[in-house]
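Welcome! Open your viewer, get ready to select a few residues, and follow along stop by stop.

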Amino acid sequence: NLSSIGSSFFLLLATIEKVRKEDLVLLRKLHILAFISTLIVTSITLTFNDFSLIRTYAGAVILMALYWHYATFRQGILGSGQIAFGLGLSMLSVLVHVLKFSISDYFNFKDLGHVIILISLSFIFMGAMNKTRIATAE
C-alpha cells in the first residue's frame, strides 16, 4: 500500500548513508535522487491508482539494502548478518502473499505474512542494536 513508500524511502536513505558517507557531495546528490525517485513513484501511483510500481520500488530498495548488509556481513561487521537475514525473511512474506499460502481459513496468507514480517523485524532490530553497540563503543 501507499504507506510502504515512506519506509522504502528511509531504507534507501539509510543504505545510501552507509555506502557513501565519506563523499559528501555524492551523498547529497544521492539523497536528492532518492527523494525525486520516490516522488515520481508516488505521483505515478496516485495518478494511475496502480500500486504495482510501489511494490517494485520497495522490492528494489529491500534488495539493495539486503546486498549491502550481506556484503558487510562478509566483511565481519557484527549485526549486518542479522539485518540481512531479516530483510531476506521479509521477502518471504511477499512470496506468501503472491502464492496466497494459507494454513487454514482462520490463519490465512495475510496472517502468516504478518507473522513473518514480525519475525523479520525482530532480526532487523537485533542487528541494528548490535551495530549501535559497536558504534557507541568506538
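This tour visits some aromatic rings and then a serine.

Before you start, note that this is a predicted model, where local features need pLDDT of at least 70, side-chain atom pairs count only at pLDDT 80 or more, and totals for chains, interfaces and linings use all residues. Residues are numbered from 1 along each chain as its sequence is written, and side-chain values use heavy atoms, with hydrogens and water left out.

**Stop 1: Phe9 and Phe10.** A search of the whole structure finds four aromatic pairs. Rings of Phe, Tyr and Trp (its six-membered ring) pair if their centres lie within 6.5 Å; planes under 30 degrees apart are stacked, over 60 edge-to-face, and the rest tilted. Select Phe9 and Phe10: their ring centres are 5.2 Å apart and their planes meet at 65 degrees, so this pair is edge-to-face. Phe9 is buried at 13% relative accessible area, while Phe10 is exposed at 56% (buried is under 20%, exposed over 50%, partly exposed in between, with a 1.4 Å probe and protein chains only).

**Stop 2: Phe85 and Phe123.** Here the ring centres lie 4.8 Å apart with planes at 70 degrees, so Phe85 and Phe123 are edge-to-face. The pair links distant parts of the chain, 38 residues apart: Phe85 is in helix α4 (residues 80-99) and Phe123 in helix α5 (residues 109-137). Helices are DSSP runs (H or I, at least four residues), numbered from the N terminus. Phe85 is partly exposed at 44%, and Phe123 is partly exposed at 26%.

**Stop 3: Ser90.** Stay in helix α4 and select Ser90, which is buried at 11%. Which residues does Ser90 touch, not counting those up to four places away in sequence? Look for Ile62, Ile117 and Ser120; contact means heavy atoms within 4.5 Å.

Definitions and conventions: Helices (H or I, at least four residues) and strands (E, at least two) are DSSP runs, numbered from the N terminus.
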